[in-house]
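Please look at the model below before reading on.

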Amino acid sequence: MALGLLGEIPCAPGNPNMAPSALEQFYRAEFGRVLATLIRLLGDFDLAEEAAQEAFTAALEQWPREGRPRNPLAWIVGTARHKAIDRLRRDGRLDERRREILRLVIEDSAAPQTAFADSPVPDERLRLIFTCCHPALAAEAQVALSLRALCGLTTEEIARAFLVPASAMAQRLVRAKRKIRTARIPYEIPTEDLLPERLEAAMAVIYLVFNEGYAVSHGKAVIRADLCAEGIRLGRILRELIPADAEACGLLALMLLHDARRKARVAADGELVLLEDQDRAKWNHEQIREGLELVQSALRSGPAGPYAVQAAIAAVHAQAAHPAETDWAEIEALYAYLMRIRPSPVIELNYAVAVAFANGPERGLQIIESLGARGELDDYHLMWAARADLLRRLGRWREAADSYRTALALVSAEPERRFLARRLADAQARAVEDGLLQPDQSDKPRADAAHRRRQKSAG
Amino acid sequence: MQYMLLIYDSEGRKLSPAEQGQLMQDYMTFTQDIVKSGKFKAGDPLEATGTATTVRVRNGKTTATDGPFAETKEQLGGYYIVEAKDLDEAVTIAARIPGARTGSIEVRPIMKMGG
C-alpha cells in the first residue's frame, strides 16, 4: 500500500529537500534493506512489514516539513522499531511469542536513541533472499515474496504483473508468511552444506522474475519491462551481497545482455522481431558493455557455471555488429559445454539451432528429430517452431507448415502466436507454389495471396 | 521447536534378507545418533497398512473400516519426533532417515498448544 500512497502525494511546494518522487525512489531502493533489518530485529515477518510501512508513512509526513534526516535509513529503521514497540504494547492479546519479541526489542533499545539513529544500518538482505527463496515455499510464493520483500512491490503490483486477482495474490503472500512462521523457515544464511543448493534456488527465482518479463508466457505483451527491471535489480542485489560468486555475476550479465536487446525485439506495431532481423543500433550498448565486463569476470573465476555460460552465449550475439558476423562455432561450443554441465532437452534444442547455423540446417534438424523421437519436448512450442524454421530454410515447405501448425496449437503468448501464424501462412503459400499442397477451403485467402505473389513474380 | 518426521515408503517393495538387515542396521545407527545428539523425542516403526483400521463417527454412529483412508503409492511406515531449531535443521535430520533414500519424509511442525 505504501508505494501507492507515496505515489499519490502531491509535490510539497517550497520543499525541494525531499520531494515525494525522491522519497518514492528512496522507498524503492531501501525497502528491502529496511525490512531485512527489521525482521532481524523483530524476528517476525509480518510485524516487520507493518512497522516498515508505518515508518515510511511517517517519513512522508515529517520529512517535507522537518527536512530529510542526516541518516535517512537509520531514521526509518529507528522509527519502525518504535512503531513496532507501540504496536506490540497496544495489542492487548499479546501471545507468548510477541511478548518475547517486545522484551528483546525494549532491552535492545536501552541504548540512547540518538546513537542508534546515526549508526550505519547493516545489510541483512542476503538472509531475506534465502528466506524468500526457501525451497519449502511454493515456487510462485517464492517469486511473490521476493518481489514484495526485496523490491518493495505492493501486493497489487505483483498481482498485476502476474495477471492474477489482487485477493489471490494477497492470499498467496499470507499463506507463505504463515508457513515461514509456523514451520520456522530460518532467517539465516544457510550452512555450508546447504548453501550451494539454496543459492541456486535463489538465482532460479531471480531468473524466473526476469524471464516472466522477457519471454512473457501469457497474454498480449511481448515484454514486460517492469519485471525485467525487477529481475535485474534482484540480480544486482545478489551480486552486491556475494561479489565473489561467479554465478551471481553470470546471472546478472545474462539478464543485462538479454535486456539490452529489448527495444529491438519489439516492432513499432508490437510484433516480435527475431534476433537476426533486429536493428542492432537499437540495442542498449551501454548495458551490453556492462554485461560483457561481468561475463569476463564470471569466466575468469574458475570453471564456468550454467549462468556464466549462457551469459557468454548472449555475449557472442551482442558482439556481432551484423547477424552474419555471429560466431556460431563459438556458440555451438558453448552450448556443447552447457549440455555437459547441465543436460536438458531445452539446452539440446538450443544446441541443435547453433549447430544448424554453424554447420547447416540439415545437421541441426537431425538433432531436433532425435529429440522429437524421444518425445520429451512434444508440448514445447519452441521445439516445433525451431524444427519448422530449419525445414523452412531447407525449402521443405509442406513439412515446415505442419510443424508451424503444431507450434501454433501449443503457444499461449499472443505476439508469438501471431508470428507463428505469419510464418505458417508463408510456408503454406510456398508449399502451394511448389505444387505440394492442395489448398483446402480454410486456406483460401492464403492460397490467393500465394497466387498473387506468383503472378507478381511471373510479371 | 518440535517437528514430526513422517516416513512414507512403498510397502510393496521386496527386500532380500541382506537388504532387510542392512536397513534395520541403518535405522538403528540413525536412531542412536539423534538420541545421542539430544534431538530425539520419540519415534516408532508402524505395522503394515494391512493391519490398519480407519474409524469415523457420523451422526453419532461409529464405523470402523479396513485399511488406511487413502490409497496412495507410498504408505506411512513410521515416524520420529525431533527437536530442531528451525526447518533447515529438521530437513537435515529428515534427510538422514534411511527411508528418505527410497521413499519420502514429510516434515511437519508440531503445534504448540497454549496454556
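Not counting residues up to four places away in sequence, Ile129(A) touches Leu150(A), Ala202(A) and Leu238(A); two residues are in contact if their C-beta atoms, placed from the backbone, lie within 7 Å. This is a predicted model, in which local features need pLDDT of at least 70 and side-chain atom pairs count only at pLDDT 80 or more, while totals for chains, interfaces and linings use all residues. Residues are numbered from 1 along each chain as its sequence is written, and chains are lettered from A and ligands numbered from 1 in the order in which they are written.

Ile129(A) counts as buried because it has 28 C-beta neighbours inside 10 Å. The cut-offs are 20 or more other C-beta atoms within 10 Å for buried, 12 or fewer for exposed, and anything in between for partly exposed. Between the C-alpha atoms of Ile129(A) and Gly32(A) the distance is 9.6 Å, although 97 residues separate them in sequence.

Ile129(A) lies in helix H7 of chain A. Helices are DSSP runs of H or I with at least four residues, strands are runs of E with at least two, and both are numbered from the N terminus. H7(A) spans residues 125-132, and six of its eight residues are buried. Besides Ile129(A), the buried residues are Arg125(A), Leu128(A), Phe130(A), Thr131(A) and Cys132(A).

Leu35(A) and Ala52(A) are among the residues with the most contacts inside the largest nonpolar core, which has 138 residues. Such a core is a set of buried Ala, Val, Leu, Ile, Met, Phe, Trp, Tyr and Cys residues joined through C-beta atoms within 7 Å.

Chain A as a whole has 23 helices and zero strands. Of its 459 residues, 41% count as buried.

H17(A) (residues 328-341) and H18(A) (residues 345-359) pack at an angle of about 155 degrees, with axes 8 Å apart. They are therefore roughly antiparallel, a term for angles over 145 degrees. The residues of this contact divide into 13 nonpolar, one polar and two charged.

Finally, five residues of chain B are in contact with eight residues of chain A.

Methods
Axes are lines fitted to C-alpha atoms, for helices over the stretch in contact, and angles run from 0 to 180 degrees between N-to-C directions. Angles under 35 degrees count as roughly parallel, over 145 as roughly antiparallel, 65 to 115 as roughly perpendicular and the rest as oblique. Ala, Val, Leu, Ile, Met, Phe, Trp, Tyr, Cys and Pro count as nonpolar, Asp, Glu, Lys and Arg as charged, and the others, Gly among them, as polar.
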